[in-house]
Amino acid sequence: MSNTNLKPLPIKGTVYWANLSSKNAMSGKYQFDLGNLSSAAVTALEERGMKPRNKGDDKEDFITIKSSNPIRAYNTSGDEIGCLVGNGSTAAAVVGHYDWKSPAGQQGRSPSCLKLVITDLNEYTEEGGSVDFDLEAAL
């Protein structure tokens with residue numbers, strides 16, 4: 001990867017699978033997906049050596065941003081958000097990058113989040129209690 005001085009990139013998108021204050025069980029990192037990226041955002045990310053993915057689902061073009069530290073999210077007034085950010089929340093993020101190299105010789109560039117502002121919060125809440133169903137009707 002080129003070590004050029006690239007400026008951080010402000011992009012808008014939709015937040016999915018936000019693990020901002022607790023680590024993701026599979027990766028062991030704090031992370032979130034930023035999806036529904038504009039074509040201009042996709043082009044700018046690709047020019048910086050990062051490749052957005054598209055799995056043909058609601059996220060459309062997206063990046064996964066991971067961190068070893070908790071990711072702080074703010075509202076548009078600049079106050080830190082004190083709740084869980086749910087899927088479908090919209091956000092503006094300032095995206096930087098870091099270069100990496102694995103012991104096996106693989107290398108790449110991944111996005112990092114320098115600032116995350118939630119512009120339309122869809123708060124995640126867990127529904128407590130058990131789920132009732134007819135055991136005899138189960139497939």
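The following legends describe close-up views of a predicted model.

Residues are numbered from 1 along each chain as its sequence is written, and side-chain values rest on heavy atoms, with hydrogens and water left out. Because the model is predicted, local features need pLDDT of at least 70 and side-chain atom pairs count only at pLDDT 80 or more, whereas totals for chains, interfaces and linings use all residues.

View 1. Strands (E, at least two residues) and helices (H or I, at least four residues) are DSSP runs numbered from the N terminus, and two strands pair if DSSP finds at least two bridges between them.

**View 2. The β6-β7 pair and the Asp-99 to Arg-109 salt bridge.** Strand β6 (residues 89-101) runs antiparallel to strand β7 (residues 107-120), and twelve bridges join the two. Ala-92 stands opposite Val-117 of β7. A salt bridge (a side-chain nitrogen of Lys or Arg within 4 Å of a carboxyl oxygen of Asp or Glu) forms between Asp-99 and Arg-109, whose closest N and O atoms are 2.6 Å apart. Asp-99 belongs to β6 and Arg-109 to β7, so the pair ties together parts that are ten residues apart in sequence. Asp-99 is partly exposed at a relative accessible area of 34%, while Arg-109 is buried at 10%. Here buried means under 20% relative accessible area, exposed over 50%, and partly exposed in between (1.4 Å probe, protein chains only).

**View 3. The salt bridge between Asp-33 and Lys-59.** The whole structure holds four salt bridges. In the one formed by Asp-33 and Lys-59, the closest N and O atoms lie 2.8 Å apart. Asp-33 is in strand β2 and Lys-59 in the loop between β3 and β4, so this contact ties together parts that are 26 residues apart in sequence. Asp-33 counts as buried, with 7% relative accessibility; Lys-59 also counts as buried, with 9%.

**View 4. The salt bridge between Glu-46 and Lys-51.** The side chains of Glu-46 and Lys-51 meet at 3.3 Å, N to O. Glu-46 is partly exposed, its relative accessible area being 38%, whereas Lys-51 is exposed, at 64%.

**View 5. Positive phi at Asn-36 and Glu-60.** Most residues other than glycine have a negative phi. Asn-36, which is not a glycine, has a positive phi of about 55°. Asn-36 sits in the loop between β2 (30-35) and α1 (39-47) and is partly exposed, with a relative accessible area of 26%. Glu-60, likewise not a glycine, has a positive phi of about 50°. Glu-60 is placed in the loop between β3 and β4 (61-67) and is partly exposed, at 45% relative accessible area.

**View 6. A positive surface patch.** Lys-23, Lys-29, Arg-53, Lys-55 and Lys-66 form the patch. Patches are made of residues with over 30% relative accessible area and no salt bridge; like charges are joined within 9 Å, and nonpolar side chains (Val, Leu, Ile, Met, Phe, Trp, Tyr) within 5 Å. Lys and Arg count as positive and Asp and Glu as negative, with His and the chain ends not counted; the place of a charge is NZ of Lys, CZ of Arg, CG of Asp or CD of Glu. Accessible areas come from the Shrake-Rupley method with a 1.4 Å probe, and for residues only the protein chains shown count as cover. Arg-53 lies in strand β3 (residues 53-54) and is partly exposed, with a relative accessible area of 40%.
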